[in-house]
Amino acid sequence: MLWYTGRRILQMIPVFFGATFLIYFMVFSLPGDPIAALYGDRPPAPGVIEQVRAQYNLDKPFIVQYFLYIGNFFQGDLGTTYSGRPVSDVMAGAFPVTFRLAMLALFFESVAGIVVGLIAGLRKGKLFDASALVVSLLLISVPTFVLGFVFRLTFGVQLGWFRTTVSGEAPWGELVLPALVLASVSFAYIVRLTRASVADNLNADFVRTATAKGLSRPRVVTVHVLRNSLVPVITFLGVDLGSLMVGAIVTEGIFNINGVGGTVFKAITLGESTTVVSFIAVMVVIFVVANLFVDLLYAALDPRIRYAK
Amino acid sequence: MGLSALALVSVSALALSGCASSADEADAPAADTAAIISTNGSEPQNPLIPTNTTETGGGKIATSIFAGLVSYNAAGEIENEVAESIESDDATTWTVTLEEGWTFTNDEPVTADSFVDAWNYGALFSNAQSASYFFDNIVGFDYEVDSELTGLTVVDDQTFTVELASPEADWPLRLGYTAYMPLPSAAYDDMAAFGENPIGNGPYMLDGEGAWVHEDKISLVTNPGYDGVRKPVNGGLDIIFYNDQAAAYADVQGGNLDVLDAVPDSAFETYEAEFGDRAVNQAAAIFQGFNMPYYLEHWSGEEGELRRAAISMSINREEITDVIFQGTRTPATDFTSPVIDGYSDSLEGADVLEYNPEEAVKLWAEADAIAPYGDTTFDIAYNSDGGHQAWVDAVINSIVNTLDISATGKPYPTFAAALEDRSNDALTGGTRAGWQADYPSLYNFLAPLYQTGAGSNYEDYSSEAFDGLLREGATASNVEDATAKYQEAQEVLLQDLPSIPLWYSNVNGVSADTVDNVVFGWDSVPLYYQITKG
């Protein structure tokens with residue numbers, strides 16, 4: 001187990017270098033001069049642009065830029081944005097908010113999704129099951145931005161239950177609405193995954209045996225059916241944590257949350273390689289760790305799964 | 001258990017938002033001079049150093065926390081702030097006298113040195129300030145090496161003189177722009193740190209250290225030491241940064257924002273009905289058009305002139321501003337803007353900006369007689385990250401329907417990509433071109449864009465007649481003569497059409513019923529100091 005974990009962590013090193021190199025190259029290859037574009041329709045004196053380009057090493061060849069960046073990275077200097085702010089400050093602002101939003105969404109989708117999926121699976125073919133399927137289909141088909149706008153208009157502007165956008169400190173209460181929007185699609189998938197898996201397991205031999213040996217229904221359902229049905233759901237949640245951390249651009253935009261997605265999007269349009277690459281590097285680590293965590297959780301859920309040396 | 005936990009979370013959220021709204025109602029007595037006005041903005045691109053703040057996000061803050069020699073009123077006229085007088089006999093040597101009693105918020109007096117040193121800092125080559133070119137007409141300025149502005153001479157604490165390289169009759173008009181603000185001597189110790197917590201002399205000041213919360217907002221409070229023409233009648237400003245105007249609009253609807261100066265496209269149809277007399281839709285100092293480069297085949301000489309006129313007359317501006325923009329744009333009649341002193345809707349040759357399909361077809365045929373256009377596709381380049389697609393497509397349709405040629409919009413993924421082809425003379429057709437004035441003057445709409453070799457003259461327009469009139473306007477002994485020359489210069493432009501004018505952007509704003517007296521300035525920014533709350 002330890003050996004396995006260690007090997008997985010070592011694997012992060014080539015993944016880290018590969019990902020940062022590729023991303024740096026892609027941002028570098030974006031068409032246009034990012035510095036000239038900073039000034040919009042009113043270009044400054046030509047000498048100004050040259051000096052600013054030199055300040056951000058943009059006048060050097062790609063490979064030099066990359067190694068300068070990586071060199072500074074390992075000295076704990078992530079560079080600065082084109083507005084002169086240290087990228088580490090930008091990260092310290094964006095990641096905590098997005099992390100809390102992702103956690104809240106993950107909490108909503110997993111709790112609600114598993115409960116609804118379990119009930120639907122237990123009552124396969126009944127009214128509850130049918131409605132759960134229809135609702136989840138709806139949620140999957142409605143694009144996030146539509147749901148976001150509708151929620152903001154209905155619960156924010158018209159009913160006034162929630163603040164329309166999230167204020168700077170992003171208190172938990174204000175994050176509820178965006179988290180619900182963010183959780184909706186994954187909620188639908190979790191309902192469907194849990195339902196299918198519960199329905200499958202209900203007919204499994206070990207469940208029949210458990211029932212036959214006289215265990216109460218609640219115990220059979222919680223310990224034998226649910227626990228075994230959670231393996232695919234946990235896999236999904238692991239991957240989803242990654243995408244929640246990075247892919248909430250639309251939701252963050254609608255609710256004016258200063259999070260990871262929006263920051264990276266803005267940095268990409270500005271061609272700000274230091275910001276993009278630093279954020280991506282952290283995201284890569286989050287993805288790898290989340291997946292490792294999920295893999296380790298398998299063993300806890302299903303003792304048949306063991307990791308050999 | 002999971003479900004009840006979920007219910008708990010939402011209930012507590014409800015309780016929280018409930019509390020907040022009732023608290024707001026409780027502490028809102030009539031016209032509160034301590035009330036903070038909240039408004040929209042965007043994260044400043046750079047630390048708040050006036051000479052490095054040339055974009056709107058930072059500009060809005062800089063003009064609130066600094067007071068220059070003059071400031072602009074709603075009509076775009078200048079009113080003296082720190083200046084007592086700005087005088088010249090020959091439009092070349094200007095004597096600036098300062099009013100006594102002005103101080104920065106750190107109690108340092110505002111003297112002639114505060115201006116002269118700040119301008120020298122802004123102009124110095126190696127400081128790489130984005131507004132450095134604003135000083136290029138002052139003697140001593142150099143674009144390529146560090147050089148002192150020798151034209152600036154301090155006479156005494158309250159007086160300095162400025163010697164211009166070439167005369168400029170309306171020179172004081174530009175002095176309300178952020179580039180010309182004074183700086184306290186404390187700024188030069190560490191300019192980057194100063195930009196984070198700037199010390200100014202304007203109607204507002206930062207609400208303590210760290211009032212600027214990056215990517216979130218900046219909190220300003222009234223400066224008790226300020227006694228100029230922009231004396232605030234409220235307690236301060238919270239400028240909230242939005243990445244998406246639709247979110248800001250929802251915040252005004254939801255009662256979280258008092259004043260919004262940019263209505264999102266998605267609300268163009270409804271905002272006036274929803275906000276009634278709290279909605280604003282008036283022309284602004286923003287000119288929009290598209291340029292046909294002179295290096296393209298068919299677009300230079302007499303043939304190019306005919307084709308430009310034909311294209312211009314084939315566009316139904318009225319219909320596009322009505323249908324695509326719901327009346328939030330005003331069809332262009334010149335190259336400046338209706339909010340600028342000296343604007344005219346009846347310049348000679350302005351009929352080329354009217355929809356006239358028959359004449360357009362005729363002129364196009366005349367051009368074809370010189371050199372046949374063939375089946376080359378006409379295109380207009382635009383950056384697709386700026387919301388331009390709808391109007392470009394509409395303009396293209398208008399052209400196709402009138403001239404029956406093959407035409408298309410040419411999207412570039414980002415502004416940077418579009419700018420690159422523009423600067424490298426690599427366009428295959430027309431290009432979107434917009435201009436927002438820095439200061440309310442006809443000259444600022446003309447010289448940077450169409451003068452031979454000017455910074456934003458990417459399409460290489462060059463006309464001796466135009467350059468001459470511009471020079472005559474600049475050196476005219478009074479503003480009326482200057483205006484007449486600038487109008488004549490525009491008549492040359494209407495002949496040549498280096499840019500095909502489309503429309504002026506309007507400023508579209510709304511305000512919540514918590515505030516009153518919201519008036520928009522010439523620069524599309526509300527005059528915050530006049531707004532009352534409660």
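Start in chain B and select helix H7 (residues 301–313) together with helix H9 (residues 357–370): their axes come within 8 Å and cross at roughly 160°. Axes here are lines fitted to C-alpha atoms, for helices over the stretch in contact, with angles running from 0 to 180 degrees between N-to-C directions. Helices are DSSP runs (H or I, at least four residues), as strands are (E, at least two), numbered from the N terminus.

Before going on: this is a predicted model, where local features need pLDDT of at least 70, side-chain atom pairs count only at pLDDT 80 or more, and totals for chains, interfaces and linings use all residues. Residues are numbered from 1 along each chain as its sequence is written, and chains are lettered from A and ligands numbered from 1 in the order in which they are written.

Back to the pair: H7(B) and H9(B) are roughly antiparallel (an angle over 145 degrees). Now show the side chains where they meet, including B:Leu306 and B:Met313 of H7(B) and B:Leu363 and B:Trp364 of H9(B). Being in contact means C-beta atoms, placed from the backbone, within 7 Å.

Next, hop to B:Ala465 in helix H13 (residues 464–475) of chain B. Draw a C-alpha distance to B:Leu493, 28 residues apart along the chain, and you get 9.7 Å.

Last stop: bring both chains into view. Their contact takes 47 residues from chain A and 51 residues from chain B. On chain B's side, pick H1(B), which gives the most, with eleven residues.

Technical notes. Two residues are in contact if their C-beta atoms, placed from the backbone, lie within 7 Å. Angles under 35 degrees count as roughly parallel, over 145 as roughly antiparallel, 65 to 115 as roughly perpendicular and the rest as oblique.
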